[in-house]
Amino acid sequence: MNPEDFWNAHYKVTDLEKNPNLEVFEDFFNKYKNQIYSPCLDLGCGDGRILNFLYKKGFQNLFGVDISPVAISMTKRKNSEINLSVADIYNLQEKFEKESF
């Protein structure tokens, strides 16, 4: 099974309502509160839980990439303010300019 098929199948059956304790990131991201407008890239963003967490904390310039169109679609339904792309993380040169992040 190729990676895209694996992750599409995963997101079709995974209980995404289970909320992991994202507050463990609280101390880490508090260090960057003065950079909420800087670009932030989440590679393999899945259903966008971390991106949504950051958005709620005030971060503005968020980007998510995942190989699964199913996962990206789920994230878009949760939050249309996040920039999202379906892509293989090993082939991002056509998605972003060099040294964008």
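Which residues does Phe59 touch, not counting residues up to four places away in sequence?

1. Phe59 touches Phe29, Tyr32, Gln35, Ile36 and Leu54. That list leaves out residues up to four places away in sequence. The model is a predicted one.

2. Phe59 belongs to the largest nonpolar core. This core has 12 residues. Leu22, Phe29, Ile36, Cys45, Leu51, Phe53 and Leu54 are among them. Helix α3 supplies the largest share, three residues. In soluble globular proteins, nonpolar side chains tend to be buried together.

3. Helix α3 spans residues 49-56. Leu51, Asn52, Phe53 and Leu54 are buried there. The cover over the buried residues of α3 includes α2 (26-30), β1 (40-43) and β2 (62-66). It also includes α4 (69-78) and β3 (83-86). Gly58 follows α3 and has a positive phi, near 105 degrees.

4. The structure holds two salt bridges. One joins the side chains of Arg49 and Asp47, at 2.8 Å from N to O. Asp47 also forms a salt bridge with Lys78, with the closest N and O atoms 3.3 Å apart. Asp47 sits in the loop between β1 and α3, and Lys78 in helix α4, so this pair ties together parts 31 residues apart in sequence. Through shared partners, Asp47, Arg49 and Lys78 form one network.

5. Is Asp47 buried or exposed? Asp47 counts as buried because its relative accessibility is 6%, under the 20% cut-off. Lys78, at 44%, counts as partly exposed.

Methods. Residues are numbered from 1 along each chain as its sequence is written. This is a predicted model: local features need pLDDT of at least 70, side-chain atom pairs count only at pLDDT 80 or more; totals for chains, interfaces and linings use all residues. Side-chain values use heavy atoms; hydrogens and water are left out. Buried means under 20% relative accessible area, exposed over 50%, partly exposed in between (1.4 Å probe, protein chains only). Helices (H or I, at least four residues) and strands (E, at least two) are DSSP runs, numbered from the N terminus. Contact means heavy atoms within 4.5 Å. A nonpolar core is a set of buried Ala, Val, Leu, Ile, Met, Phe, Trp, Tyr and Cys residues joined through side-chain atoms within 4.5 Å. A salt bridge is a side-chain nitrogen of Lys or Arg within 4 Å of a carboxyl oxygen of Asp or Glu.
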